[in-house]
Amino acid sequence: MPKQRNQSGGKVRPRDAKGALFRILRYLMEYRWWVLLFLFCTFLSNIGNLLGPRFAGKAIGVVEAGGGLGPGHVDMAAVGRYALLMLVCYVGGSVMSFLVNIGMMRVGRRVARNMRGDVFNKLMTLPVGYFDRNQAGDIISRVSYDVDVVCTSLSTDVIQILTSTVTVAGSFIMMCAISMPMVLCMAATIPASILFTRHMSKKTRPLYSRRSAAYGAMNGFAEEMFTGQRTILAYAQEERVCREFGEINRTAAEAYRDADSAGMTMGPTIGMISNLGLAAIGMGGSILYMLGVVGLEQISSFVLYSRKFSGPINEISGIINEIFSALAASERVFRLLDEPEEVKDLYDAAELAHCEGSVRAEDVSFGYDPDKTILHHLNFQAKPGQTVAIVGPTGAGKTTIINLLMRFYDPDQGCIYVDGAENRAYTMDSLRRSYAMVLQDTWVFRGTIFDNIAYGKENATMEEVVRAAKAARIHSYIMRLPEGYHTVISEDGGNISKGQKQLLTIARVMLYDTHMLILDEATSNVDTNTERQVQKAIRSLMADKTCFVIAHRLSTIQNADHILVVDHGDVVEQGTHEELMAKKGFYHKLYASQFG
């Protein structure tokens, strides 16, 4: 199925921001005792910071009591004592905040590790259809970028929000204790800050969701282009690809700009409102001082507390933007975690332990899209030990048949039977372990050649690996390498040729002891002479095993026991090579088109 690219041109509103927040907190609660300890330390740190202005006011009160007549009339010991207490409070609070930040950073990293592990484990349980519908780059973006955004928010924003909340609440209580009339002077600015913050939060939340989606689309496109770099160069399409990336990059940049532009208006606006409140305090305090209601000690302490009250509000307005970004990223992660997994085994599913290799399809119809059926009423039978070839033009449905045999998908209609029982009656693992596959798109991983060949067989010995490599006609090539079987293959096999990668995967299948074999253009990347040798080796090693072979070169399947000729999802002909040639039908035309 073709992959569908994410569209992120418009605004994407979060589906459930509150639900995402609670799910993040569930991850955080795994370390609840550490979090509670950090909360307690945060509370102590804020108590120290809140006591500082009180001691500053006390010191000013001592100076005021001296009548402003100079140091000789002021109790300097009391001033020094209050200054020392203020220093202890501020230094102690700062040290405590530093330790809390370090601790929460570690907790955030552990939460990210757990979340990333859950995402990767989930990916291993998703059906093949999910990867057909979603770009690899977008999936990687969720595993890396989105999880990191959530981790950063947990490491910094959670404690910052709690610190700011305690500071705001504590400052307000202290201001009320100092002078209620002065609290009323700044009361008008508090509702204005709250209303503006709520208004901006509704505006910025969908913008951050759009930004995350745009970055996922950009990563998906980049991954797709990097994979096809050689094809791009071969067709001289560099300029077109650059133009397409430029458009996607522009969309992502605009999404980033729109989100940050909306978010950046919050801080200055809240700061302006806070400054208006400070001006009101100055005017009101001056009047109250002249009336004798408050003294310099109360005014100075109140001004310091008002700054502590408004400062965190400014910080919260900025943190809210980061939290919205984290919620948007977490929603993308949780949507992946909520994807339906592969169909579960039936409660009474049996292990396919001793497979004989009998496969039968009865009236099977299937389509990747419910509105478009690809296979129509498919019927065939493969007896144990037979080689069944599936041929037909491109797009006829050959690979779809393999997907159904492996239960990557289940039929919409009809059934597939293995050893007389419907394949859904067996556990998924045991059914798939009964097959070995060699695909046209070879896959090798970063590791030694030994590890790549022994991938499917646990505890494989060197002798077994060498025997399989010899059978696949790649042993001599391996021995010419500097470290032989211990040579490390680079990521995606970049340091070996396509043909060598295909021979490695064939050796992997030869080592994997299965009852059934699937070959999907398995020798398309090797030369004709090697192909003959490998075909001979495959026939000898897979004797008495059921084989399904997809081939475009009809010369490779002339000895097949049974040939299915597929066209537009229908099996138009069945039989041996001689029988089909004698019919002079669709197979005869295919053969004639290749050999004249």
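Strand E9 (residues 516-520) is largely enclosed by the rest of the structure, because five of its five residues are buried, where buried means under 20% relative accessible area, exposed over 50%, and partly exposed in between (1.4 Å probe, protein chains only). Both faces of E9 are covered, with Met516, Ile518 and Asp520 buried on one side and Leu517 and Leu519 buried on the other. The model is predicted: local features need pLDDT of at least 70, side-chain atom pairs count only at pLDDT 80 or more, and totals for chains, interfaces and linings use all residues. Residues are numbered from 1 along each chain as its sequence is written, and side-chain values use heavy atoms, with hydrogens and water left out.

E9 runs parallel to strand E6 (residues 435-438), to which four bridges join it; two strands pair if DSSP finds at least two bridges between them. Met437 has Ile518 of E9 as its bridge partner. Strand E10 (residues 546-550) is also parallel to E9 and is joined to it by five bridges, and here Ile518 is partnered by Phe548 of E10.

In total, the chain has 20 helices and 12 strands, which are DSSP runs numbered from the N terminus (helices H or I, at least four residues; strands E, at least two). Of its 596 residues, 47% are buried. Contacts (heavy atoms within 4.5 Å) between residues at least 6 apart in sequence join residues at least 24 apart in 78% of cases.

The largest nonpolar core contains 45 residues; such a core is a set of buried Ala, Val, Leu, Ile, Met, Phe, Trp, Tyr and Cys residues joined through side-chain atoms within 4.5 Å. Helix H17 (residues 498-511) supplies the largest share of this core, seven residues. Residues with the most contacts inside the core are Ile453, Ile478, Tyr485, Ile557, Ile563 and Tyr587. Leaving aside residues up to four places away in sequence, Tyr587 touches Val391, Leu554, Ile557, Ile563, Val565, Glu573, His577, Leu580 and Met581. A second, separate core of 42 residues includes Val119, Leu126, Val147 and Leu337.

The accessible surface of the chain comes to about 30300 Å², of which 59% belongs to carbon and sulfur atoms (Shrake-Rupley method, 1.4 Å probe; for residues, only the protein chains shown count as cover). A nonpolar patch on the surface, with about 830 Å² of accessible area together, is formed by Leu84, Leu87, Val88, Val91, Val95, Phe98, Leu99, Ile102 and Met105. Patches are made of residues with over 30% relative accessible area and no salt bridge, nonpolar side chains (Val, Leu, Ile, Met, Phe, Trp, Tyr) being joined within 5 Å and like charges within 9 Å; a salt bridge is a side-chain nitrogen of Lys or Arg within 4 Å of a carboxyl oxygen of Asp or Glu. Val88 lies in helix H3 (residues 76-123) and is exposed, with a relative accessible area of 51%.
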